[in-house]
Each structure stands twice: as structure tokens, then as C-alpha cells.
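Open the model in your viewer and keep the selection tool ready. This tour tells you what to pick next and what you will find there.

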Amino acid sequence: MLETQTSSGSFGGVHTVQLPKALAATYAIATLMLRPFGIDQRDLGVDFSQRSRPALVTDILECCATVAKGKSPDRNLLWELQVGTRTECLLRIIGMGGAFDAALTMRCPNKACGERMEAELSLDELLGSRGETSDSISVDCGERTIELRKPSGLDQHVWSTQEFESERAAIESMVQTLVIRDNDSLRENNLFSLDDDSFSAINRVMGESDSLVNFSFEVVCPYCENNSEFELDLQALAIEHLKQSQRSLLTTIHHLAKHYHWSEKEIFAVPHWRRIHYLKLLEEERT
């Protein structure tokens with residue numbers, strides 16, 4: 001079970017995530033500590049243009065996570081985290097930067113309306129919707145019950161490099177990867193005797209197993225009162241916020257270097273809160 005403790009503020013504090021027992025034992029690490037993104041020189045090294053999202057997420061976590069004595073965690077550990085846990089880490093990172101201070105904007109899908117509306121999403125609500133987490137899920141497939149482990153970042157990465165002929169082929173590959181073979185009934189040559197209904201059940205249960213991986217919410221339009229369900233890719237949302245934070249950091253470096261003639265190394269030798277204060281002074285001089 002994943003447990004979390006939080007102490008944070010806007011661009012401050014720290015979020016800690018306690019690792020599942022299996023990973024904690026393997027890597028002899030109890031917790032990951034997360035810092036905000038967009039304040040450190042290392043944040044400039046994250047390539048947001050790379051094609052592999054799982055690799056990008058791992059790069060971000062490697063940049064923002066530390067373990068005992070401020071050391072970086074083993075990269076393999078970050079790959080082995082469940083997809084939902086990796087998403088939670090991203091949400092906690094952007095939360096420290098104030099990402100949830102503003103409402104999420106969208107348009108009413110009712111063609112007769114189409115007005116812009118807002119939805120309030122808080123970090124606590126998002127994480128609370130996840131509830132208790134487990135390492136595996138069970139799916140009833142007729143007379144058989146199949147147990148699957150939840151996918152990791154590495155699983156996602158491998159699947160993203162493959163091409164599948166159909167959705168059924170993709171699900172088969174995922175099941176083949178995730179099935180826990182603890183008895184003879186789950187041998188590889190027996191696995192694909194499952195019918196279409198069983199694979200549909202597996203696909204449905206996997207989709208429902210973690211709200212952070214498949215997140216949706218309802219919004220009532222204040223103009224036409226249409227009740228609509230929206231699906232939101234939380235990883236994509238977090239990545240976009242982090243990308244903007246990197247751009248903001250680059251802009252900060254540009255302004256300070258241009259005005260004070262500091263090198264990048266000299267700029268990052270100044271604490272983040274002082275850099276922000278200098279920017280405010282420059283803005284006051286221009287007004």
C-alpha cells in the first residue's frame with residue numbers, strides 16, 4: 001500500500017512518498033522525497049520534446065526525487081513504480097508549484113451551448129479519489145480468475161515501442177506481461193483460450209484499477225445545465241505544467257543575465273526566492 005506525507009507550499013516544502021514494501025526491500029529505501037520543478041539548474045536538462053512519455057516521466061522523477069542524504073534514487077526504481085504512483089508523484093510536484101491554484105477551463109460539449117466553463121480540481125481530491133492501492137488486481141473470466149500485477153513505467157515504455165494489429169492484440173500483449181503465473185492454469189499456452197468477453201473484462205478492470213491512470217469527472221454547465229463527463233489525462237496535464245515551469249525558468253535566466261550580466265552558474269548560485277525578488281525589482285523599474 002502506498003502511503004504519503006506532505007509538507008508543502010507554493011514553490012516550497014517537500015512531499016514524501018513511502019514506497020511499497022517490495023520495492024523498499026529491494027532497494028533498501030523507505031521513501032522518496034519530491035521537490036518543486038523549475039527552480040534548479042538540473043531542470044533545464046529535461047528534454048520535453050522526446051517522443052517517449054514514459055522516459056520523460058522517468059527523467060522528471062529522477063530530477064526531482066531524492067532519497068536518504070539527498071542522493072538521487074536508482075533510475076531502475078523509478079521505472080518500476082506503478083503508473084499510478086508515477087502520476088501521483090508528478091501531481092505532487094506540480095502542486096508544490098501552485099498548479100491547482102487556478103481552475104481548469106473547458107468548453108461545454110453541448111453544440112447548442114459551447115460556452116467556456118471552469119472546474120475546480122485540488123490535489124487532495126485527486127489523490128483522495130485513488131483510495132487504497134494494491135500491487136495486483138483480480139479479474140473473473142468465466143470459470144477462471146486471473147490475477148494481474150499493475151503496470152509499471154517500464155511496462156508502459158515497452159508497450160509504447162511496439163505496434164499492435166488490433167486492440168485485442170494489444171490487450172493480449174499486456175496480459176501476457178502482467179499475468180501472475182502462480183499455478184498451472186495460467187500457463188502461456190492456456191492464457192489465450194480466453195474469449196472476447198474475458199478480454200473485455202480484463203480491459204475494463206484494468207481501466208478501473210487506478211483513478212489517476214484513467215481519470216474522469218463530471219461538470220454541470222452553468223449556462224445550459226448540461227451534465228457532461230470529461231476524461232482528463234493527468235500525466236499530460238502535469239507534463240504541460242512542468243514544461244511551462246521550465247520555460248519560465250529560462251525566461252528568468254534570460255532577464256537576470258541580460259540585466260546583471262551574470263553567467264548561468266552565477267544565477268543558480270542565487271536561491272530561488274532571491275531570483276524572484278530580483279525579477280520583481282526589475283519589473284518595478286520598468287513601470
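A residue is called buried under 20% relative accessible area, exposed over 50%, and partly exposed in between (1.4 Å probe, protein chains only). By that rule, buried residues make up 42% of the 287 residues in the chain.

Some ground rules come next. This is a predicted model, where local features need pLDDT of at least 70, side-chain atom pairs count only at pLDDT 80 or more, and totals for chains, interfaces and linings use all residues. Residues are numbered from 1 along each chain as its sequence is written, and side-chain values use heavy atoms, with hydrogens and water left out.

**The whole chain**

Show the cartoon. Helices (H or I, at least four residues) and strands (E, at least two) are DSSP runs, numbered from the N terminus. The C-alpha trace spans about 75 × 55 × 35 Å along its principal axes.

**Stop 1: strand β3**

Select residues 31–34, which form strand β3. In a regular strand the side chains alternate between the two faces of the sheet. Here Leu32 and Leu34 make up the covered face. Thr31 and Met33 make up the uncovered one.

Two strands pair if DSSP finds at least two bridges between them.

Which residue of β4 stands opposite Leu34? It is Ala65. Stay on Leu34: its relative accessible area is 1%, so Leu34 is buried. Then pick Ile60, 26 residues away from Leu34 along the chain. The C-alpha atoms of Leu34 and Ile60 are separated by 10 Å.

**Stop 2: salt bridges**

Side chains of opposite charge can pair when their charged atoms come close. A salt bridge here is a side-chain nitrogen of Lys or Arg within 4 Å of a carboxyl oxygen of Asp or Glu. How many does a search of the whole structure find? It finds nine.

- Select Arg35 and Asp43. Their closest N and O atoms are 2.6 Å apart. Both Arg35 and Asp43 are buried.
- Select Arg42 and Asp40. Their salt bridge is 3.1 Å, N to O. Arg42 has a relative accessible area of 42%, so Arg42 is partly exposed. Asp40 has 25%, so Asp40 is partly exposed too.
- Select Arg149 and Asp155. The closest N and O atoms of this salt bridge are 2.6 Å apart. Arg149 is partly exposed because its relative accessibility is 30%. Asp155 is buried because its relative accessibility is 8%.
- Select Asp59, Glu62 and Arg75. These residues are linked in a network of salt bridges.

**Stop 3: the loop at Asn110**

Go to the loop between β5 (104–107) and β6 (116–119), where Asn110 lies. With a relative accessible area of 27%, Asn110 is partly exposed. Ser122 is twelve residues from Asn110 along the chain, and their C-alpha atoms are separated by 26 Å.

**Stop 4: a charged patch**

Finish with Glu118, Glu120, Asp124 and Glu125. They gather in a patch of negative charge on the surface. Patches are made of residues with over 30% relative accessible area and no salt bridge: like charges are joined within 9 Å, and nonpolar side chains (Val, Leu, Ile, Met, Phe, Trp, Tyr) within 5 Å.

Is Asp124 buried or exposed? Its relative accessible area is 64%, so Asp124 is exposed. Asp124 is found in helix α5, residues 123–128.

Notes:
Accessible areas come from the Shrake-Rupley method with a 1.4 Å probe; for residues, only the protein chains shown count as cover. Lys and Arg count as positive and Asp and Glu as negative; His and the chain ends are not counted. The place of a charge is taken as NZ of Lys, CZ of Arg, CG of Asp or CD of Glu.
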